[in-house]
Amino acid sequence: MFCSSIKVKLPPILKPPEPLCSLLKSETAQSKDFVKHIILFNNMFAMTSFKPNIVLNNGWTATFKVQGQVYHHAGPLHPANAEDSKYLQIYFLGEDEQVQRRLNLLDSPVDRNIVIKLQRMLHQHNIYVRSFKMAAEIMDDNTQVDSSVWQSTIKGIQRQIQCTVC
């Protein structure tokens with residue numbers, strides 16, 4: 001690959017962890033179902049919602065245009081009611097509650113076993129899930145934590161994430 005006459009060497013793409021690697025191969029009935037519904041699975045495990053400033057021309061737009069900055073809203077770590085959990089908040093429920101909440105969000109039926117496998121994989125391998133769960137546990141252990149402790153916890157998580165991403 002060349003960019004402005006300078007050779008750029010990208011690091012190799014890492015093999016995804018199991019069960020994702022097997023599911024992406026489309027070799028079994030379960031993996032074929034996963035690939036068929038991959039957008040649903042992607043949406044069900046989203047941690048934030050997408051909030052752009054959409055540009056409309058005369059009240060409509062033929063293409064999707066975004067002006068300015070794109071925002072990802074995570075909301076509070078814990079909703080007022082567990083039944084209202086969405087996005088990142090679902091990760092803080094018990095395992096069975098997480099699966100059921102994710103399945104309830106969909107109009108189309110998907111294989112419950114795939115949801116369980118992917119959920120366990122994310123809890124084990126995803127740095128963001130592990131970091132936010134750690135923050136929630138700290139908050140739960142310290143019911144009378146002031147905002148400075150919360151802010152330092154979030155800054156520590158952000159540093160951990162930045163170091164992992166780089």
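Modeller: Let's start with Gln98, which touches Ile90, Tyr91, Leu93, Gln119 and His123, leaving out residues up to four places away in sequence. Touching, or contact, means heavy atoms within 4.5 Å. Keep in mind that this is a predicted model: local features need pLDDT of at least 70, side-chain atom pairs count only at pLDDT 80 or more, and totals for chains, interfaces and linings use all residues. Residues are numbered from 1 along each chain as its sequence is written, and side-chain values use heavy atoms, with hydrogens and water left out.

Colleague: Why is Gln98 called buried?

Modeller: Buried means under 20% relative accessible area, exposed over 50%, and partly exposed in between, with a 1.4 Å probe and protein chains only. Gln98 has 2% relative accessibility, so it counts as buried. It lies in helix H4; helices are DSSP runs of H or I with at least four residues, strands are E runs of at least two, and both are numbered from the N terminus.

Colleague: And what makes Leu122 buried or exposed?

Modeller: Leu122 comes out at 15%, so it is buried as well. It is found in H5 and, leaving aside neighbours within four places in sequence, is in contact with Phe45, Tyr91 and Val129. Phe45 and Leu122 are 77 residues apart in sequence, yet their C-alpha atoms are 8.9 Å apart.

Colleague: How do you know that Arg120 and Glu95 form a salt bridge?

Modeller: The rule asks for a side-chain nitrogen of Lys or Arg within 4 Å of a carboxyl oxygen of Asp or Glu. Here the N to O distance is 2.6 Å, and the rule gives a count of one salt bridge. Arg120 sits in H5 (residues 112–125) and Glu95 in H4 (residues 95–104), so the pair ties together parts 25 residues apart in sequence. Glu95 has a relative accessible area of 35%, so it is partly exposed.

Colleague: Why do you call H2 roughly perpendicular to H5?

Modeller: The axes of H2 (residues 29–36) and H5 come within 10 Å and cross at roughly 80°. Under 35 degrees is roughly parallel, over 145 roughly antiparallel, 65 to 115 roughly perpendicular and the rest oblique, so H2 is roughly perpendicular to H5. Axes are lines fitted to C-alpha atoms, for helices over the stretch in contact, with angles from 0 to 180 degrees between N-to-C directions.

Colleague: Which residues of H2 and H5 meet?

Modeller: Gln30, Asp33 and Phe34 from H2 meet Asn113, Ile114, Lys117 and Leu118 from H5. They divide into three nonpolar, two polar and two charged; Ala, Val, Leu, Ile, Met, Phe, Trp, Tyr, Cys and Pro count as nonpolar, Asp, Glu, Lys and Arg as charged, and the others, Gly among them, as polar.

Colleague: What makes a set of residues a nonpolar core?

Modeller: Its members are buried Ala, Val, Leu, Ile, Met, Phe, Trp, Tyr and Cys residues joined through side-chain atoms within 4.5 Å. The largest one has 22 residues, and Phe41, Met44, Phe45, Tyr91, Val110, Val115 and Leu118 have the most contacts inside it. H5 supplies the largest share, six residues.
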